[in-house]
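Q: Please take the assignments made for this model in turn, and set each one against the rule behind it.

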Amino acid sequence: MEALSPDEVANAVEALKAAGLADDQTLYPQIALSEMPKADVLAWTPGTPVVRRADVIFRKAGETYEALVDLDKNEVVSSREVPGAEPMILDGEWKLARDSLTADPRFKTALARRGYAADNTSVFCTPASAGYFPGEGYEGRRILKVPCYDSNEKLHPQLARPIEGLMGVVDSETGEVLAVIDNDAVPLPPAPKGYGNDLPPQRPPLNPVDIVADLGGNIRVAGNLEIGWLDWSFHVRPDKRAGLILSLVRFDDGARNRLIAYRMNVSEMFVPYMDPSPEWSYRTFMDVGEFGLGYLISPLREGADCPISALYADLTFPDDDGSSYTRKNALCIFERATGDPAWRHSSGSKDPPDSRPEIELVVRHIPTLGNYDYVIDYVFQPRGAIKLRVGATGFDAIKSVEAASMADATAKQDTAHGALIAPYTVAPHHDHYINYRLDLDIDGEANALMRDRIVAKPAEGSSLRKGLWKVESETVANEGAVPKTHDAGGEVLRVENPNETNAIGQHPGYWFDAGHSVSSILPSDDPPQMRAAFSAHPLWVTRYKPDEVWAAGLYPNLSKGGDGLPQFTADAEPTAGEDIVFWYTLGFRHLTKPEDFPILPTYWHEAVLRPAFFFDRDPSSRLNEAFVPLPEEQQ
Ligand SMILES: [Cu+2]
């Protein structure tokens, strides 16, 4: 399950060139591991040979191709053209779109109309993914949309003033500027203060508060990011598109080393803004399929982004030209004492309570997607639970407005689709949807998705009670979006292995607590919603298919929709007792506010996988009462 090495990436490219499929101008939106069949991976034992293959998407002369390359023989196994497919945006396209627009005479005229001299150095432009809107006239063109900003006051780029009413549409492969949209100019307002060189007065330095792991902590690392911690083991692989892929997640219960998840990763994101204006309505980003969380991964600052005691790793990714590059400090793995009891009970006021400190393991990376930073964590606990956590921080996307306060004449109109977060600055409201593909294989591949419904019932017999609730379990029998319960008591979803039992005869499983699971309420015929149809439901279940990996399909960039989960589930295959994949969209709405300014304090969202009937008893009861005492000189 290891990522392709730089040599393997280079060999894949060489094989394509040797076969006459690629040349020196060819670019590679994807050069990724083609995983071995699941059955072979699960049956593999150390020393057995592995089959290494690359899944390549390449772009040549404006066309998209896919190829499978055998890396043992360095031969192309198969290749095909994929008409109309728009793969991920390449680094060079971003630069070409920016430079083409700023060199365009129509753009210069529009700037002059706004009072900018031809030789101004304060305007900068940042291309963004364009979405697909029928009738817009860019059918078949590989476009980026390019808004621009004024950094005249030497501002931090994210506080630069958006130049409203001005936007370019550029073919990012040819550099042709297809349109310069030059609508009514909003006078460029002064910038609010409070970030970069203009932070409010800082507190005196604090006494240190940190997580220390003297004696090296308890994390075991083997091979290429094979991680072990307490009873847990798993593998971490960097991926240009998904960011990180965790695989072969196992828990050793003392008798058996038990599989829980074959593979877990973020499969797509969807961030639609709720502003209908021409320069804002396209902002409906799908950063995983358009840019890639691995491509946008940012270096971690030791002692702030992760504890100083964390294990930091550099990650290597394939580059667009078929070479590889390394991002420093791109991953951190650390254990932390949460400061909470893992469990406790006080049996008398005289004796100290019986309790254990909670500790947990965190695997973290932080992609920076334009203005946003997403702290993406997988958290493992001694009790056998796995938390999926996303902390949203960075900056609100902002637009320039005339109102400095809600008392101003234009304020009502200016804030029709967002809130004033600082003088002259509106942040439009928006949603964040982060879809996880969770290929859970609880004690093996044959699993079933269960709904444990909490149902109000009259009390039976001659009870003193009038009513109570009972649990009624039913199997989700077919692929599709998992329908929401209508039971007032709600429900818990559970993945179980119907063929295995624990010591007391129950089927081992995991409950899924979908903590933040807001769904999209955009109409299903809204063009962005058609591309991101997965976001209409928080939970989907599919039959495992190795090529069904991305919730909005392999090519969401500029797509017309219809791909991904709706297509995977269209045939509603039976799921009970099959190898199933569980898809969860961690969703939250972002209603903006002044406390988002100047920078968003990290706002956490999570979902939890909790063992249910998986163990015979709580595995965290094995936590030792005492940590290893420090040597005297360190005390
Ligand atoms: Cu937000």
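A: Donors are N, O and S atoms within 2.8 Å of the metal (3.2 Å for Na, K and Ca), and water is not among the atoms, so sites may look incomplete. The model is a predicted one, in which local features need pLDDT of at least 70 and side-chain atom pairs count only at pLDDT 80 or more, while totals for chains, interfaces and linings use all residues. Residues are numbered from 1 along each chain as its sequence is written, and side-chain values use heavy atoms, with hydrogens and water left out.

Q: What makes Tyr372, His430, His432 and His590 protein donors of the copper ion?
A: Tyr372 through OH, His430 and His432 through NE2, and His590 through ND1 lie 1.8 to 2.0 Å from the copper ion, and the limit for a donor is 2.8 Å, so these four residues qualify. Along the sequence the donor residues follow the spacing Y-x57-H-x1-H-x157-H. Tyr372 belongs to strand S20 (residues 372-380) and His432 to strand S25 (residues 430-440), so this pair ties together parts that are 60 residues apart in sequence; strands here are DSSP runs of E with at least two residues, and helices are runs of H or I with at least four, numbered from the N terminus.

Q: How do you know whether Tyr372 is buried or exposed?
A: Buried means under 20% relative accessible area, exposed means over 50%, and partly exposed lies in between (1.4 Å probe, protein chains only). Tyr372 has 3% relative accessibility and therefore counts as buried, and His432, with a relative accessible area of 0%, is buried too.

Q: What makes S7 a mostly covered strand?
A: In S7, 8 of its 8 residues are buried. One side carries Ile143, Lys145, Pro147 and Tyr149, the other Leu144, Val146, Cys148 and Asp150, and both faces are covered.

Q: How do you know that S7 and strand S8 (residues 161-171) pair?
A: Two strands pair if DSSP finds at least two bridges between them. S7 and S8 share 7 bridges in the antiparallel sense, with Val169 in S8 as the bridge partner of Lys145.

Q: Why is the link between Arg263 and Glu35 called a polar contact?
A: A polar contact is a pair of N or O atoms within 3.5 Å; within protein, one must be able to donate a hydrogen and the other to accept it, and residues adjacent in sequence count only if both atoms are side-chain atoms. The side chains of Arg263 and Glu35 make such a contact at 2.6 Å. Arg263, which lies in strand S14, counts as buried at 7% relative accessibility.

Q: Where is Arg142, and which backbone oxygens lie at 3.0 Å and 2.9 Å from its side chain?
A: Arg142 sits in the loop between strand S6 (128-129) and strand S7 (143-150). The backbone oxygen of Pro87 is 3.0 Å from a polar atom of the Arg142 side chain, and that of Met88 is 2.9 Å from a polar atom of this side chain.
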